[in-house]
Amino acid sequence: MSSEVTEVKVNSMSSARRAADYSEIETPAANMASTVGPPKTPKSPFASRFMSTPLASPMKKAIVSMQGYLEEVGHFTKLDPQDAWLPITESRNGNAYYSAFHTLSSGIGVQALLLPLSFTVLGWVWGIICLSVAFMWQLYTLWLLIQLHESQSGMRYSRYLRLSMAAFGEKLGKLLSLFPIMYLSGGTCVTLIMIGGGTMKIFYQIVSGNNTSPLTIVEWYLVFTSTATVLAQLPNLNSIAGVSLIGAITAVTYCTLIWVVSITRDRPAGVNYDYPALAPQAKSDPAASVFSILNAIGITVFAFRGHNLVLEIQGTIPSSIKSPSRLPMWKGVKFAYLIIAMCLFPLAIGGYWAYGNLIPSNGGMLNALNDYHGHDTSKFVLGFTSLLVVINCLTSFQIYAMPVFDNLEFRYTSSMNKPCPRWLRAGFRILFGCFACFIAVALPFLPSLAGLIGGVAVPITLAYPCFMWILITKPPKHIAIFNWVLGSLGIVLSILIVTGAIWNIVTIGIEVHFFKPE
């Protein structure tokens, strides 16, 4: 009996000791788990001893380096292998400077020279308000696109069309975005050939002092296209960063030069600021007045461009968890749009102050400078301005043609499953240059349809980014409502601009002539 009691006491004491020992072991672990997180897997003592030896130090460094690389890059490695063969994403060594160069080159163009024309209909107050609202609106949608470039799953959308297909579905995304994107790329290149070739002719006439030219306008188009095609042989989007820098400098310079010369010279006789400056038939017709205002708003909206290229530009920037591509991209965009604002606002306000309702409807500020100040401005200034416009058209051609080159090579690499040979890449670019030149010669009235076709492309800038942000990120309710309203207003504005353009074509008409450029 006593032995049984002794065994029970010993067992109870041993169990109590084991419980105490367990409590001493578990309590620190529990405290550690509550402050740090779930317990880690214990390391093997043999592994730790081995890794601490000098022999294992190179292996340890390699493992640590590989772990760091996987942590930095692993989140954004869902890249299509085919992207390494295509000109937009072939090189991913871009940075904030490159993004600023490309954004400036694609964001400022000769369309900004028409901004004073919108003030003749809207007046001082509403002209400035519309210009400010359009600037903030498109800058916000640009920020949305930059954020949407990298999804939560790690996929990078380096082309606007692919992001549209991811948000709206494959069929609807193509239906909504394919034509506007192709117009904003190919149509812009055709317009640049017309403007660049025509300005080459003006430059020659100013330098030579003759009003006649040894070349016809078609031959000037060919000269411009040949030069642009030679520059287009640069392999990828990153390789034309220097070209975009030259384009940005020339655009800023000629915009600044034009408005500075305009406001420092005497204003032409008969300048007035009575608005709206409408055609005689429009003054008696309320509908015509409304559509003239819509066209003026369209001119303001068309002054901002480049949204169809922002994802492509961001696709050239490397990305990781510690440094996602949206950070350097947004830095470059902020700097670029500060410069754009410093160019467009003085150009619009100063141009309207200098010429008022006398601003020409064809050519805008550039023609106004030649028409009203050609006699009291040196040939050097006039010729230098024309030369800057030509250079800017050549450089803008490169970045706007890049999505077309990318799409042509995508068709080849998809079917052949190999990179595009160098000779075929050159052939694609020469073929596109010839085709764009042919359209410029065959359809010289195409700029008259810019309001109509450009109105269809307005949602690319003002509406679709808002809808894609809602569908992809699923934001809180108040943010979703704001973007729905903003996107819906963009769609309504697009419809109104297209309607106004159709009204102008019906009432005023356009001179349609094929293969007869002037």
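## A bent helix

Helix α5 bends by about 120 degrees at Gly123, where the bend at a residue is the angle between axes fitted to the seven residues ending there and the seven starting there. Helices here are DSSP runs of H or I with at least four residues, numbered from the N terminus. Although α5 has 34 residues, its end C-alpha atoms are only 31 Å apart, which falls short of the 50 Å that a straight helix would reach at 1.5 Å a residue; the expected span is taken as 1.5 Å times one less than the number of residues. By contrast, helix α11 (residues 286–302) has 17 residues and reaches 24 Å from its first C-alpha to its last, close to the 24 Å expected at 1.5 Å a residue.

This is a predicted model, in which local features need pLDDT of at least 70 and side-chain atom pairs count only at pLDDT 80 or more, while totals for chains, interfaces and linings use all residues. Residues are numbered from 1 along each chain as its sequence is written, and side-chain values use heavy atoms, with hydrogens and water left out.

## Surface and interior of the helices

Trp126 lies in helix α5, which covers residues 115–148. Together with Val125, Ile129 and Val133, Trp126 forms a nonpolar patch on the surface, and the four residues have about 390 Å² of accessible area together. Areas come from the Shrake-Rupley method with a 1.4 Å probe, and for residues only the protein chains shown count as cover. Patches are made of residues with over 30% relative accessible area and no salt bridge, with like charges joined within 9 Å and nonpolar side chains (Val, Leu, Ile, Met, Phe, Trp, Tyr) joined within 5 Å.

Leu142 is also found in helix α5, but at 2% relative accessibility Leu142 counts as buried, a word used for residues under 20% relative accessible area, with exposed meaning over 50% and partly exposed in between (1.4 Å probe, protein chains only). Leu142 and Asn308 are 166 residues apart in sequence, yet their C-alpha atoms are 9.8 Å apart in space. In helix α11, the buried residues include Phe291, Leu294, Asn295 and Val301.

## Salt bridges around Glu150

A search of the whole structure finds 10 salt bridges, each being a side-chain nitrogen of Lys or Arg within 4 Å of a carboxyl oxygen of Asp or Glu. Glu150 counts as buried at 9% relative accessibility, and its side chain meets that of Arg156 in a salt bridge of 3.9 Å, N to O. Arg156 is buried as well, with a relative accessible area of 7%.

The side chains of Arg326 and Glu150 also meet in a salt bridge, again at 3.9 Å from N to O. This pair links distant parts of the chain, since Arg326 is in helix α13 (residues 326–355) and Glu150 is in the loop between α5 and α6 (160–168), 176 residues apart. Arg326 is partly exposed, with a relative accessible area of 31%. The loop between α5 and α6 also holds Gly154, which counts as buried at 0% relative accessibility. Gly154 and Ser320 are 166 residues apart in sequence and 9.9 Å apart in space, C-alpha to C-alpha.

## Other charged pairs

Arg425 forms a salt bridge with Glu409, their closest N and O atoms being 2.8 Å apart. Because Arg425 lies in helix α16 and Glu409 in helix α15, the pair ties together parts that are 16 residues apart in sequence. Arg425 is buried with a relative accessible area of 11%, and Glu409 is buried with 1%. Elsewhere, Asp83, Arg92, Arg159, Arg162 and Asp406 are linked in a network of salt bridges.

## Residues in loops

Most residues other than glycine have a negative phi. Asn417, in the loop between α15 (379–416) and α16 (422–442), has a positive phi near 55 degrees, and at 59% relative accessibility Asn417 counts as exposed. Lys474 has a positive phi of about 50 degrees although it is not a glycine; Lys474 lies in the loop between α18 (464–473) and α19 (477–507) and is exposed, with a relative accessible area of 61%.

Asn238 is found in the loop between α8 (217–231) and α9 (241–264), where it counts as buried at 8% relative accessibility. The side chain of Asn238 makes a polar contact of 3.0 Å with the side chain of Ser91. A polar contact is a pair of N or O atoms within 3.5 Å; within protein, one must be able to donate a hydrogen and the other to accept it, and residues adjacent in sequence count only if both atoms are side-chain atoms.

Terms used
Helix = DSSP H or I, 4+ residues; strand = E, 2+ residues; numbered from the N terminus.
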